[in-house]
Amino acid sequence: METMPAAVARPVLLEELQPADPGARLVEDASPLHAVKVQLQVCIGSASMTVGELLAARENQVLRLDRALEQPVDLLLEGRVVARGQLVAVDDRFGFRVTELPLPLKV
Amino acid sequence: MAPGSIGPWVADADARPLRGWDAASLARVAAALEPVVGGWQAAWGLPAPAALTVRVADARDLDRAAWHCVGTSGSGRAWLGSQPCGSGAEWLDSPEGAWARQVSVLCRSDLLERLGDWLRVERQVTEGPPPPALARPWSGAVIVKDLCDAGWSLVLDADAAFAKLPAAKKARAPGGDPLVGAADALASRRVHLRVELRACELQLGMLQSLEPGDVIPLDHPLSEPLQVTGADGGVELAGFLGRMDGHKAVELALARRRA
């Protein structure tokens, strides 16, 4: 590695920064974030059972969930419900039809 | 757990019994020690002091005299401490008389031998003070002071002293609960399970533009079971979606192991 004369290198002096009144918003809306991918979960329902029942659980045993058939399912973002809807089939896969959204959903 | 394994455990050798001293136990140690000390005093023509007093040693006790140890670590040890020359009885510890020092050494060696026999440990004697860690609130050493007019002290570590006490009966506390396994102890604890489809990814912009009626295709085949997971992620089962008594339901299936 080549070395440089000590006189060429000079120290970097950092200027003291003072907090000032906030200026204009840097991000006016969420549009710069539109391309960000987020992970969503579709929660069909839930159930609770004791550890004893869980340890005794067997294959083919039926577990009734807390949601009635006509109740919507939840679409979750970071563990929070951002939409509700119906579970549908799209070709050979599940799909989620939106029925209920917060107003507004925009961030 | 095997030594060297990773875990929150410590080596068995690092754990010491949690034993405390009470007045009755100290008195029993003194009573057990009296014949040994009495025999030694009689053999050397030493005046027998009043009854031996045994108490828990503190750090100052271990920091004073010159010490000789009999016994080895782990077997129960005793330390005999003598005062610095000139501070004890002159006939025993006089710096002036060579014969007196000789007698003093022999007298000390005899007591250490008797203690070794009493403790049933090797008679090998080493020089050095008791470890400072022996002066501790639990399972600490005990000390007997003034074995003779020269002010000799005797320190017994907890193993040596407790070995002289009658063995405690290993009886279960009256009304003690029977032992149960961890699974039985937790059997009545409730676990919250969530039934979910495989997670999907969506651009934030698309999520924000959703409107009622829109359909999001999910990457979860109809033929595959749903995920049944514990609220804390500790349970991972699978289940096929169905209905039961007007509710959504899942038929439990073996969960596919993650690669």
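**Strand pairing and chain contacts in a predicted model**

In this predicted model, strand 2 (residues 66–70) and strand 3 (residues 78–82) of chain B run antiparallel, joined by five bridges.

User: Now the two chains: how many residues of chain A are in contact with chain B, and how many of chain B with chain A?

Analyst: Contact here goes by C-beta atoms within 7 Å. On that basis, the count is 50 residues of chain A with 51 residues of chain B.

User: Which element gives the largest share of the side of chain A that touches chain B?

Analyst: The elements that give two or more residues to this side are strand 1 (37–50), helix 1 (51–56), strand 2 (62–68), strand 4 (80–90) and strand 5 (93–100) of chain A. The largest share is 14 residues, and that comes from strand 1 of chain A.

User: How do the residues on that side of chain A divide into nonpolar, polar and charged?

Analyst: Charged residues number eight and polar ones twelve. The nonpolar count is 30.

User: Strand 1 of chain A also pairs across to chain B; which residue there stands opposite Ser46(A)?

Analyst: Strand 1 of chain A is joined by seven bridges to strand 7 (residues 190–196) of chain B, and the two run antiparallel. In strand 7 of chain B, the residue opposite Ser46(A) is Arg194(B).

User: Over to backbone angles: what is phi of Asn60(A), and why does Asn60(A) count as exposed or buried?

Analyst: Asn60(A) is in the loop between helix 1 and strand 2 of chain A. Most residues other than glycine have a negative phi. Asn60(A) counts as exposed because it has 9 C-beta neighbours inside 10 Å, and the cut-off for exposed is 12 or fewer. Its phi is positive, near 75°.

User: And what is phi of Asp91(A), and is Asp91(A) buried or exposed?

Analyst: Asp91(A) sits in the loop between strand 4 and strand 5 of chain A. Its phi is positive too, near 55°. With 8 other C-beta atoms within 10 Å, Asp91(A) is exposed.

Methods
Residues are numbered from 1 along each chain as its sequence is written. Chains are lettered from A and ligands numbered from 1 in the order in which they are written. This is a predicted model: local features need pLDDT of at least 70, side-chain atom pairs count only at pLDDT 80 or more; totals for chains, interfaces and linings use all residues. Helices (H or I, at least four residues) and strands (E, at least two) are DSSP runs, numbered from the N terminus. Ala, Val, Leu, Ile, Met, Phe, Trp, Tyr, Cys and Pro count as nonpolar, Asp, Glu, Lys and Arg as charged, and the others, Gly among them, as polar. Two strands pair if DSSP finds at least two bridges between them. A residue is buried if 20 or more other C-beta atoms lie within 10 Å of its own, exposed if 12 or fewer, and partly exposed in between; C-beta atoms are placed from the backbone.
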